[in-house]
Every structure is written in structure tokens, then in C-alpha cells.
Amino acid sequence: MSDGAAGDVGEGASYRVVPVIDAVAFDSADPERLGRFWQALLGGELRADDDGVVELRGGRVRLDFAGVPEGKQVQKNRLHLDLYVPPEAKEQAIASALRLGASRADDIYDGGLWQVMRDPEGNEFCFVWGAGAPSTEHANLLNAADG
């Protein structure tokens, strides 16, 4: 099976360009502050580009925080990040996020399969532990972190 990104692209050849996710972008009232929250939660390197966008690098996908004048317009995001944590570490992950400035979003979901949270600017994200096994790569990273 071909992904369409490689192959002969000679005259008359047809191919399909497959985009790759470059970053997940957050509109923000205070990009530096929001970037520091996510850096404390996920790790990585934080830096501002020439346009004032604060970038968090070091994960599988870069997170960008761009300043905008308007606040969040809807109660619930249509898109959010799911962050896998091992079941035995879920309470620790939630407590850590709360200390960093997150809040629980039990108004969106209050059950046992995951925990919906809000970052300091109200963007939802979830800690997930029961919604499926992590990828093999993620499991290997967890094992490597254990020593």
C-alpha cells in the first residue's frame, strides 16, 4: 500500500500529496503564560518565533500559542488533546495539572474512563487511561523512563 507521497512524479503521473501535521495551534490571551503551563505539563523547549508565536517543541507534535484579542467563544472545544497516562498514575497526573493551574471539567464528562481538564485559558484536554492501550512506541518510552 502506498501513501502517495513517494514515487515517480513524471509528466502525466498522478499522485496525492499527504499533509503531515506540523503543529497544534492554540489561540491565547497570553501565549507565554499558556506555553509555560503546557511546558510544565509535557516538558519540551519553549521559544518565541519572530511573529510572537510561542512554540513548545520536544514532543511528537509541536504546540503553538498565538496571541489573539478575543477570548474563548464556546463552552466546549470541538478539538482537544487526549494525553495518555498509565491507570496507576492518573491521580498523580490530575493533581500535577491542578497545581499548574488547570481545572477539572466535570461539567463535560464525569465518569471513570478519562478525566476532562481545562488549561488556564479554558481549553479542554483529557487524561485518558481506560480508552485503549498506548501505542507500542509510547509503551517503550514509559518502560525506558522506568529505567
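In these legends Ala, Val, Leu, Ile, Met, Phe, Trp, Tyr, Cys and Pro count as nonpolar, Asp, Glu, Lys and Arg as charged, and the others, Gly among them, as polar. The model shown is predicted.

**View A. Lining of the second largest pocket.** By class, the residues lining this pocket comprise eight nonpolar, six polar and five charged residues, and the space within the second largest pocket amounts to about 490 Å³. Among the 19 lining residues, those closest to the centre of the pocket are Ala25, Phe26, Asp27, Asn77 and Asn123. Strand β1, which spans residues 23-28, contributes the most to this lining, with five residues.

**View B. The edge-to-face pair of Trp38 and Phe125.** Seven aromatic pairs are found in a search of the whole structure. In the pair of Trp38 and Phe125, the ring centres are 4.9 Å apart and the planes stand at 65°, so the arrangement is edge-to-face. Because Trp38 lies in helix α1 (residues 31-42) and Phe125 in strand β8 (residues 124-128), the pair ties together parts that are 87 residues apart in sequence. Both Trp38 and Phe125 are buried.

**View C. The stacked pair of Tyr109 and Trp114.** The rings of Tyr109 and Trp114 form a stacked aromatic pair, with 4.3 Å from centre to centre and 20° between the planes. Tyr109 is partly exposed, its relative accessible area being 22%, and Trp114 is likewise partly exposed, with a relative accessible area of 26%.

**View D. An aromatic cluster.** One aromatic cluster is formed by Phe26, Phe37, Trp38, Phe65, Phe125 and Phe127.

Definitions and conventions
Residues are numbered from 1 along each chain as its sequence is written. This is a predicted model: local features need pLDDT of at least 70, side-chain atom pairs count only at pLDDT 80 or more; totals for chains, interfaces and linings use all residues. Side-chain values use heavy atoms; hydrogens and water are left out. Rings of Phe, Tyr and Trp (its six-membered ring) pair if their centres lie within 6.5 Å; planes under 30 degrees apart count as stacked, over 60 as edge-to-face and the rest as tilted. Helices (H or I, at least four residues) and strands (E, at least two) are DSSP runs, numbered from the N terminus. Buried means under 20% relative accessible area, exposed over 50%, partly exposed in between (1.4 Å probe, protein chains only). On a 1 Å grid over the protein atoms alone, a cavity is a set of points where a 1.4 Å probe fits but cannot get out, and a pocket is an open set with protein on both sides within 12 Å along at least five of seven lines; lining residues have an atom within 4 Å of a point. Grid points are joined across faces, edges and corners, and a volume is the space filled by probe spheres set on the points.
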